[in-house]
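Which rings pair, and where do they sit?

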Amino acid sequence: MLILSSFSSSSSSSHMPKPLSSFSSTTSCVPAIVKASAAVTNVCFAATSRLFPISCLRSSVKMRKLRCAVFCSYSTAAIAVSTSENHELPHSPAFLDARTGEDLLSAIRKAVEDEKLPLNVAEGMEELYHNYRNAVLRSGVPKADEIILYNMALVFDRVFVDVKDSFEFSPHHKAIREPFDYYTFGQNYIRPLVDFRSSYVGNISVFGEIEEKLKQGDNVVLMSNHQSEADPAIIALLLELKHTYIAENIIYVAGDRVITDPLCKPFSMGRNLLCVYSKKHMNDDPELAEMKKRANTRSLKEMALLLRAGSKIIWIAPSGGRDRPDAVTKEWYPAPFDASAGDNMRRLVEHAGVPGHIYPLAILCHDIMPLPPQVEKNIGEKRVISFHGTGISVAPKIDFHEVAGALVDPEAKMVYTKALYDSVNQQYNVLNAAIHGKQGLEASTPSVSLSQPWQ
C-alpha cells in the first residue's frame, strides 16, 4: 500500500562532516511516539496563509521532553505540542538539541561510530535530510530553515528511538496520538511539500455525504489508486479543514513495507492501518509465503470485525501497489484494479450486517515522492522528494447490484471493478489537467467539480 518519506540532493559545505561511507557498523536496524491538542491541525490550518498553510517556527530545537511550539502564520497564538508531564518519553538529546542541520548530520555520524545506528539506516537519514531540505527551500515557504530543522530533528529522533526499541504493528494498528502525536507529526512533515496554490479537491460535497453516512453508523470503503508513501498525509491535508473526521479516521489497508522500513515506520504509526502483505511481494522469500498468508487472514478477520461495528471508513488500493508511469510515454495513470481484491472487499462490506457504501477515489501526488522505476524487493528503497501541487477526488458511490446485479461471476466482478476503475481514471484525468495541464479550477467537468477548500 502506501505511506511516507525520504530523498536526494547536493548541499555542500566546507564544514560538512566526513561521509558515512567512511564508517562501518555491525548492528542491525529498525523505529517508536508528543500529545497534541486535538485542535492543532484545524487551528493551524485555518489561521494560515493561503499559500503556505503552516509554519513551524523555532529558533532552536531544545526539547528535552519533546516540548515544542507550533506557530501559525498570520496568527499570534502558539499551540503546544508536547508530552504530558506524567509521561517521560524516550528521546535522543543529540537530535533534539540540534541547532543546525550540520548538528543533525554530526549526530548521525556519531551514532554510527558508537554502533548505535546501522550504516544503511544512517545513510538513508542523511539522504533524507538533504532531499527534504532542498524541497522545502524550493517551496519558498517562510522560515524554511527553521521548519527543516524542526521537522528533521523529530524524524531522526523517532527513527533513532525505534532502532533501539522497535515498535511492532498489530494487524489493526490505531494511530498513536499520545504521549507523542504521530498523526500531527506526519501532517506537519508533509505540509511544506504541498503547493496548495495548485492543489485541488474534486467533489467536496461527496465527502460531506460520506461524513454524514459515517455519523449514521454506515460503513464506507474508498476504492482508490495509490501513488506514493505520502498518500495518507495528502488525503488528510486536503480534507483537514472541511472534513477533519474523515482525515483523522480513515483506516488504510497498508503493505508490510511501510511498517518495516525504518524511515517509514514513524509516519505509519500516526495512521490507522490494517496491515497486509502485498500480492506483489508475497513470494519474494518463498520460506515466508505461508506466514504472510496467515497474517493476511488475521487482518481480514480484523477488518470483518471492524465493519460489523459500523461507522468505519476504509481506504484500499485494489491494484495491490503504487501507480507507475508508462515505460514509453512516461505518463502516469492509475494502475489497473485487481478484480478479486475489489470483490473480496465488497463481499466483506455486504456481509457486515451494517449498511455499507463503496466510493471511487482518485489521488494525484506522485510528484512529491516518486517511486523507484522498478518494483524493489528489498526494504529501504531510494527515495526522491519535491514540492508540488496535489489532488484528490471522489465520485458518487457505485452500487454493485445496479452495475452488475444481473450478471454472474466472474463477469459480474469484472464489470463492477471496471466501473470503479473507470471512475477513478476519469477523476484522475481531471486532476491531471488541473495540476500538470495548469488549467486549475477550469479543468472541472460536469462530473468532477474542483475546489480549494482551504481558500
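Entry 1. I counted the aromatic pairs and got 13. The model is a predicted one.

Entry 2. I looked up one of the pairs, Phe-95 with Phe-156, and found it edge-to-face. The ring centres are 5.8 Å apart, with 65 degrees between the planes. I then checked where the two residues lie. Phe-95 belongs to helix H2 (residues 93-96) and Phe-156 to helix H5 (residues 144-164). They are 61 residues apart, so I noted the pair as a link between distant parts of the chain.

Entry 3. Are these two residues buried or exposed? Phe-95 has a relative accessible area of 1%, which is under 20%, so Phe-95 counts as buried. Phe-156 is buried too, with a relative accessible area of 0%.

Entry 4. Next I took Phe-185 and Phe-267. Their ring centres are 5.0 Å apart and their planes are at 15 degrees; the pair is stacked because planes under 30 degrees apart count that way. Phe-185 is in helix H6 (residues 182-190) and Phe-267 in helix H10 (residues 265-268), so this pair ties together parts 82 residues apart in sequence. I found both Phe-185 and Phe-267 buried.

Entry 5. I followed the ring pairs from there. They join Phe-185 and Phe-267 with Tyr-132, Phe-180, Tyr-182 and Tyr-189 in a cluster.

Entry 6. Last, I looked for charges over rings. Arg-158 lies over the face of Phe-180, 5.1 Å from the ring centre. The charged end of Arg-346 sits over the ring of Phe-400, at 3.6 Å from its centre.

Terms used
Residues numbered from 1 in each chain as written. Predicted model: local features only at pLDDT ≥ 70, side-chain atom pairs only at ≥ 80, totals over all residues. Heavy atoms only, no water. Phe/Tyr/Trp six-rings, centres within 6.5 Å; stacked < 30°, edge-to-face > 60°. Helix = DSSP H or I, 4+ residues; strand = E, 2+ residues; numbered from the N terminus. Buried < 20%, exposed > 50% of the residue type's maximum accessible area, 1.4 Å probe, protein only. Lys NZ or Arg CZ within 6 Å of the ring centre and 35° of its normal.
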